[in-house]
Amino acid sequence: MPGIDKLPIEETLEDSPQTRSLLGVFEEDATAISNYMNQLYQAMHRIYDAQNELSAATHLTSKLLKEYEKQRFPLGGDDEVMSSTLQQFSKVIDELSSCHAVLSTQLADAMMFPITQFKERDLKEILTLKEVFQIASNDHDAAINRYSRLSKKRENDKVKYEVTEDVYTSRKKQHQTMMHYFCALNTLQYKKKIALLEPLLGYMQAQISFFKMGSENLNEQLEEFLANIGTSVQNVRREMDSDIETMQQTIEDLEVASDPLYVPDPDPTKFPVNRNLTRKAGYLNARNKTGLVSSTWDRQFYFTQGGNLMSQARGDVAGGLAMDIDNCSVMAVDCEDRRYCFQITSFDGKKSSILQAESKKDHEEWICTINNISKQIYLSENPEETAARVNQSALEAVTPSPSFQQRHESLRPAAGQSRPPTARTSSSGSLGSESTNLAALSLDSLVAPDTPIQFDIISPVCEDQPGQAKAFGQGGRRTNPFGESGGSTKSETEDSILHQLFIVRFLGSMEVKSDDHPDVVYETMRQILAARAIHNIFRMTESHLLVTCDCLKLIDPQTQVTRLTFPLPCVVLYATHQENKRLFGFVLRTSSGRSESNLSSVCYIFESNNEGEKICDSVGLAKQIALHAELDLEEQSRLIAASSRPNQASSEGQFVVLSSSQSEESDLGEGGKKRESEA
């Protein structure tokens, strides 16, 4: 190494300008050394911190690999090969973690300690001596200045002594401080070389020791293990690439096939409606009432599960029960000017829900699916085939074939065994089934072929029958279904002793050729339901049916305006379905022209909330009370009380069916049956 520059210590007492100039050069060099060593210290400290972090991270990695087998992953958590492989890796990494810990300790001792000592001790010593030298130099200059101002004329021995002593002390202090300061600056020239080389030497020795330990741990057995793992990773990568290619092709195919489905309402000709579903899932908008006239619509995921309709909000783990749809009723409705709405009503009529589908296809499929579930088709072994057969039977039932009549020829009862014409009767089988028991009448004698069906509620009164219109009460007047009048004029309805109110939904009506046998009602039910299935008619108008001793009224449930009035004497036949208790109908006999002798019969079919039998019982009771119209109200009340007995309570009120003796007198009602329902 070249020679070391030094400050002349022997010239410190003289303190010449040349000496001070040379001292400035050494002070500038000390400052540069201090700045450089601070930067080098920060860099080496980063190496030390990184090594400590690497050691801690390696140890944590080994720990996590050991805990892999304790994890409970939803997918692929029982892979024993992966668990054993990771356990082997954890052992190797744990050994490497120990090597890193040793390296961290060696770096602390061999690299960080020397440079820290130089920075904290030697450089700070130079700064301290510099400050002390500066103070001593200033004190010496001040003492010399005072000594120079001693008076020549007025000498004072005491003052002269004090000033001379002050000069002596300050000069001695400056000289001693300057010599130590020069010595420290000269020593710094050696220490800076040591401070630079010693940390680097320690760093390299620590790294060499670390690599030697690594070479001892990474033996041939580990290399073979790593080679096997590398081969496995390459196999997994090839499998992944193949799977990605397959998925990309699937995505492209689905994009092409699903392009028409991106439209909210796809073309029904390209995507026909499946009416045989017994399971369906998808998003629907559910209507929630928030006030008397306000409501909100929430989009949720709905799906069927057995006989239940389930709903699940986005983010929920599982769905919740929205409604029991066994034996429920479903129909298309108009709601808040929204499209594709339908209403589901529970079998007891106590709960209903209005939902909105996204498209016409979804709208019809949801209604068909819920209808199939309501018939409990899902309980069969092959629900979709069963639903297809039921729907096909409904399609074939629209136009009766000759074989249909021949199949029931053997079931006709003997002459004289016909049932009472106005008794409430039920069919013995479901519509369109092979077990339907028709009466001893030909189908053509019940309903004429190609008879038009009316699916909307219209008045049965013709324009050229003003007298009949007056009798039917078609005035659009608001009707109080409970007989309370706001005016002084009392109508015939308000004078009636019987007021029964039921919730019904109009299915359809059609003209019939006969009105003296209940099979007319059954055949009309069959044809109307089949026509609805064929023409995709799901909409039904809900009304309140008011039964009084004078007439039957259909009342708008919201405005209380009378939609239709059926005079009770014109109701000549009524019946309910035996299996589906919600279906009932009645035949209305009216004049079809100006001549009273020209009569026509129209059969009206309704769906109720499981109240078909009770409605027929109420109509029978009303007709029996009408036979005793000449009696006063007190006599009629005693008649009703004598003809009734306690029976099942209904949510619609109480009504009475006359006894068998009264039924024989009136040819109406149920022989010997008596019922109660809510008034």
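A: Let's start with S1 (residues 281–289) and S2 (residues 295–305), which run antiparallel and are joined by nine bridges. A quick word on terms: strands (E, at least two residues) and helices (H or I, at least four) are DSSP runs numbered from the N terminus, and two strands pair if DSSP finds at least two bridges between them. This is a predicted model, where local features need pLDDT of at least 70 and side-chain atom pairs count only at pLDDT 80 or more, while totals for chains, interfaces and linings use all residues. Residues are numbered from 1 along each chain as its sequence is written, and side-chain values use heavy atoms, with hydrogens and water left out.

Back to the pairing: arginine 287 has tryptophan 297 in S2 as its bridge partner. Five residues sit between S1 and S2, and the two strands form a hairpin.

S2 also pairs with S3 (residues 308–312), again antiparallel, over five bridges. Here phenylalanine 301 is bridged to glutamine 312 in S3. S2 and S3 make a hairpin too, with two residues between the strands, and glycine 306 in that hairpin takes a positive phi near 65 degrees.

Now zoom out. The chain has 14 helices and 15 strands. Of its 679 residues, 40% count as buried (under 20% relative accessible area, 1.4 Å probe, protein chains only). As for contacts (heavy atoms within 4.5 Å), residues 24 or more positions apart account for 68% of those with a separation of 6 or more.

Key:
Buried means under 20% relative accessible area, exposed over 50%, partly exposed in between (1.4 Å probe, protein chains only).
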